Amino acid sequence: MGNGTRLGRVRGLGSSHHGSHHWLQQRLTALGNVLLVTWLFVSLLRLPLDDHAAVHRWASNPTVALALILLVISVFWHFRLGLQVLIEDYVHGEAMRLLAIVALNFYAIGGAAYGIFAIVRIALVPVAGVPGGM
Amino acid sequence: MAVSILHRISGDGLAIAGALMFLWWLGALAAGPDAYAAFVACVWHDPSPEIGLFHQITNILGKVVLVGLTWAFFQHLFSGLRHFVLDTGAGYELKTNKLWSTLVMVGAVLATTATWLYIAKEALNG
């Protein structure tokens, strides 16, 4: 270290040229969240939430199911990025930080997969008396 | 300052408590009427005449978490919209910045109160 050009000294050490990518994705998913989560929030207020048949009928509508899948992708990607920054700021030590980032990725990707699978199941499996759990 | 740390706190709350609650709800909805009823009995209201101690606690806890999530949603939404404005390079003057920070925090509390007054009204009307 200490030799070479200024660019050569920093190359490979950080997120050069990737920082703006992270920043932009955070904003794009934020915009998606504003639309989709506001829609979900209003929907939840208007739905009879204790009535399984009614909620299931709503969620199995193709447009609603599609919007819910988009919501899961947008929200889970957004918080994966957000919690990543949080870990980078507050978790110190190489090993702990790596472990936290791995756990975050498992949580975000696993959670999104679970959510999308549930939505697809709601949309495609006919209601009532279906065996098995989720 | 305060609005910045609240953006993180509300974001974390939504990412962990909010996302898990959402997935629990979706999973129960997909699993069928019995699983869904069990979810509602745990988080919101157990309709059985003699409610066990566990559900008495979780029914209260569920509402506390949902009120918290409502606040976190509005706080993060309003604060996030503020960030969109700041991203354009506007609103950094000390007075303007302070004004909008305060408005975000007051707005979130007001919107949360309005939401739960609406829910309470709907519940009373049947």
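Across the interface, 24 residues of chain A are in contact with 22 residues of chain B, where contact means that the C-beta atoms of two residues, placed from the backbone, lie within 7 Å. The model is a predicted one, so local features need pLDDT of at least 70 and side-chain atom pairs count only at pLDDT 80 or more, while totals for chains, interfaces and linings use all residues. Residues are numbered from 1 along each chain as its sequence is written, with chains lettered from A and ligands numbered from 1 in the order in which they are written.

On the chain A side, at least two residues each come from helices H2 (19-46), H3 (52-59), H4 (62-90) and H5 (94-124); helices here are DSSP runs of H or I with at least four residues, and strands are runs of E with at least two, numbered from the N terminus. The biggest giver is H5(A), with 7 residues. Sorted by class, this side of chain A comes out at 16 nonpolar, 6 polar and 2 charged residues. For that sorting, Ala, Val, Leu, Ile, Met, Phe, Trp, Tyr, Cys and Pro count as nonpolar, Asp, Glu, Lys and Arg as charged, and the others, Gly among them, as polar.

One pairing between the chains is that of H4(A) with H1(B), which pack at an angle of about 125 degrees with their axes 10 Å apart. Axes are lines fitted to C-alpha atoms, for helices over the stretch in contact, and angles run from 0 to 180 degrees between N-to-C directions. That angle makes H4(A) oblique to H1(B); under 35 degrees would count as roughly parallel, over 145 as roughly antiparallel and 65 to 115 as roughly perpendicular, with the rest oblique. The crossing is left-handed, meaning that the near helix is turned anticlockwise from the far one by less than a right angle, whereas clockwise would be right-handed. From H4(A), A:Phe79, A:Gly82, A:Leu83 and A:Leu86 meet B:Arg8, B:Gly11, B:Asp12, B:Ala15 and B:Ala19 of H1(B). Their classes split into 5 nonpolar, 2 polar and 2 charged residues.

Helix H2 of chain A also holds A:Ala30. With 20 C-beta neighbours inside 10 Å, A:Ala30 counts as buried (20 or more other C-beta atoms within 10 Å of its own; 12 or fewer is exposed, and in between is partly exposed). Setting aside neighbours within four places in sequence, A:Ala30 touches A:His78 and, in the other chain, B:Gly80.

Turning to chain B itself, there are 4 helices and 0 strands, giving the pattern α-α-α-α along the sequence. Its radius of gyration, 18 Å, is well over the 14 Å that the globule rule gives for 126 residues, so chain B is more spread out than a compact globule. The radius is taken over C-alpha atoms, and the rule is 2.2 Å times the number of residues to the power 0.38. The C-alpha trace of chain B spans about 60 × 30 × 25 Å along its principal axes, and 25% of its residues are buried.

Within chain B, H1 (residues 2-31) packs on H3 (residues 53-87) at about 130 degrees, axes 8 Å apart, which makes this pair oblique. H1(B) passes H3(B) in a left-handed crossing. Contributors include B:Leu6, B:Leu14 and B:Met21 of H1(B), along with B:Val65, B:Leu69 and B:Phe73 of H3(B). The contact has 9 nonpolar, 9 polar and no charged residues.
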